Amino acid sequence: MSERVLITGTAGFIGYHLARLLLSENYVVRGYDGMSDYYDVALKRRRHAMLLQDPNFTATEGQLEDAELFNRVAEEFQPDVIVHLAAQAGVRYSLENPRAYIDSNVIGTFNVMEAARRLKVRHLMMASTSSVYGANEDMPFAETDKADTQLTIYAATKKANESMGHSYAHLWDLPTTMFRFFTVYGPWGRPDLALFKFVDRILDGRPIDIYNHGEMYRDFTYVEDLVRGIRLLMDAAPVRPVDGVVPEGDSLSPVAPFRVVNIGNSDKVRLMDFVEAIEQSLGQEAIRNYMDMQPGDVPATWANADLLHTLTGYRPQTDVRDGIERFVAWFREYYDK
Ligand SMILES: Nc1nc2c(ncn2[C@@H]2O[C@H](COP(=O)(O)OP(=O)(O)O[C@H]3O[C@H](CO)[C@@H](O)[C@H](O)[C@@H]3O)[C@@H](O)[C@H]2O)c(=O)[nH]1
């Protein structure tokens, strides 16, 4: 029988793509999304409308903070797996509205964990971020590196989620995987992300802001690669190790069925090369507005994705130029530009 997967954040960028992938493999998917107005709600509604064309997809609109509603949905659906992707995302917005991160990411995630515990799901999977590596300078970032220097409340709430997840995995024998995502981009992407903003503004002839004068590096990860990684990790639920023995390079907890896994492209791309690839794809030059480093921003990210490969045999590998082409094609069609 097909597995049943409850995904939070199905109207969001990553949740939409994951639901699509799972539906294509005949999973039964239940979505839960708060439709928050952090960005254009019409885009969220369009994503949900696309998913709802599949009879194996149903969805509920609700806040993560609404424990009663979330429990009711989860109990009624009886998921085998919960994938928790809904969150207050965005690095720089967390300086403007820190409380939104506490509400969604701390309280909301707690509610999801409680439901997972009560329903004894086979695997709880939750999103964390490369931002938890904070001020770390040793690259590429590995899951076994110490990660104690978060630079924003956003990153801090995600690190808190990792700790919360560990405690529930330990106490309730709840197999839990936390993903650390690296700057995900692609079609149906978020309007607050650099790629969306850059394409939109270049096409309108408006200047783009280039933080830290372009001396920035990101491990840009193509969304379809990312959800493929999640899909494969679904079948690699962690098991509490016997006598605390953990294989070399594995982030598995010595005491709980819990691990964190990077999902990144393992390619450190210079922001200016990213901008040039966008210009090439659009056939149009950007007007550049060079700016200083933004508070809370990290200068570079770069994933060691060996653990993902060891667990699944898979590595994300879309070249950023190809991913940008696919985003631009979607953007032009969707916005008729
Ligand atoms: N958003 C944005 N980014 C800009 C801009 N100008 C330059 N950038 C730079 O472009 C790069 C990519 O920025 P984003 O696409 O916003 O991604 P991010 O800061 O890496 O954060 C994303 O990835 C994280 C995981 O690694 C996520 O946790 C986070 O929510 C977000 O999706 C960063 O170096 C950022 O400083 C701008 O006007 N807007």
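Where is the place of Lys120? The first point below takes up this matter, and the others follow from the backbone to the helices and the ligand.

1. Lys120 is found in the loop between α5 and β5. The model is a predicted one, and in it Lys120 has a positive phi of about 50°, although Lys120 is not a glycine. The reader may wish to view this residue together with helix α5, which spans residues 98–119.

2. Pro140 belongs to the loop between β5 (123–129) and α6 (153–172).

3. Two packed helices are described by the angle between their axes and the distance between the axes. For helix α3 (residues 67–77) and helix α5 (residues 98–119), the axes come within 10 Å and cross at roughly 35°. The crossing in which α3 passes α5 is right-handed.

4. The contact between these helices may be described by residue. On the α3 side stand Ala67, Phe70, Asn71, Ala74 and Glu75, and they meet Asn111, Val112, Ala115, Arg118 and Leu119 of α5. By class, the residues of this contact comprise six nonpolar, two polar and two charged.

5. The ligand is surrounded by 22 residues, and the closest are Arg92, Ser130, Tyr154, Thr183 and Asp209. Sorted by class, this shell holds eleven nonpolar, four polar and seven charged residues. Helix α7 (residues 194–204) supplies the largest share of the shell, namely three residues.

6. Lys197 places a polar side-chain atom 2.8 Å from a nitrogen atom of the ligand. A backbone N or O atom of Phe181 is 3.2 Å from a ligand oxygen atom, and a polar side-chain atom of Tyr211 is 3.4 Å from an oxygen atom of the ligand. On its own, the ligand has 710 Å² of accessible area, of which the protein covers 96%.

Definitions and conventions: Residues are numbered from 1 along each chain as its sequence is written. This is a predicted model: local features need pLDDT of at least 70, side-chain atom pairs count only at pLDDT 80 or more; totals for chains, interfaces and linings use all residues. Side-chain values use heavy atoms; hydrogens and water are left out. A residue is near a molecule or strand if one of its heavy atoms lies within 4 Å of it. A polar contact is a pair of N or O atoms within 3.5 Å; within protein, one must be able to donate a hydrogen and the other to accept it, and residues adjacent in sequence count only if both atoms are side-chain atoms. Accessible areas come from the Shrake-Rupley method with a 1.4 Å probe; for residues, only the protein chains shown count as cover. Helices (H or I, at least four residues) and strands (E, at least two) are DSSP runs, numbered from the N terminus. Ala, Val, Leu, Ile, Met, Phe, Trp, Tyr, Cys and Pro count as nonpolar, Asp, Glu, Lys and Arg as charged, and the others, Gly among them, as polar. Axes are lines fitted to C-alpha atoms, for helices over the stretch in contact, and angles run from 0 to 180 degrees between N-to-C directions. A crossing is left-handed if the near helix is turned anticlockwise from the far one by less than a right angle, and right-handed if clockwise. Contact means heavy atoms within 4.5 Å.
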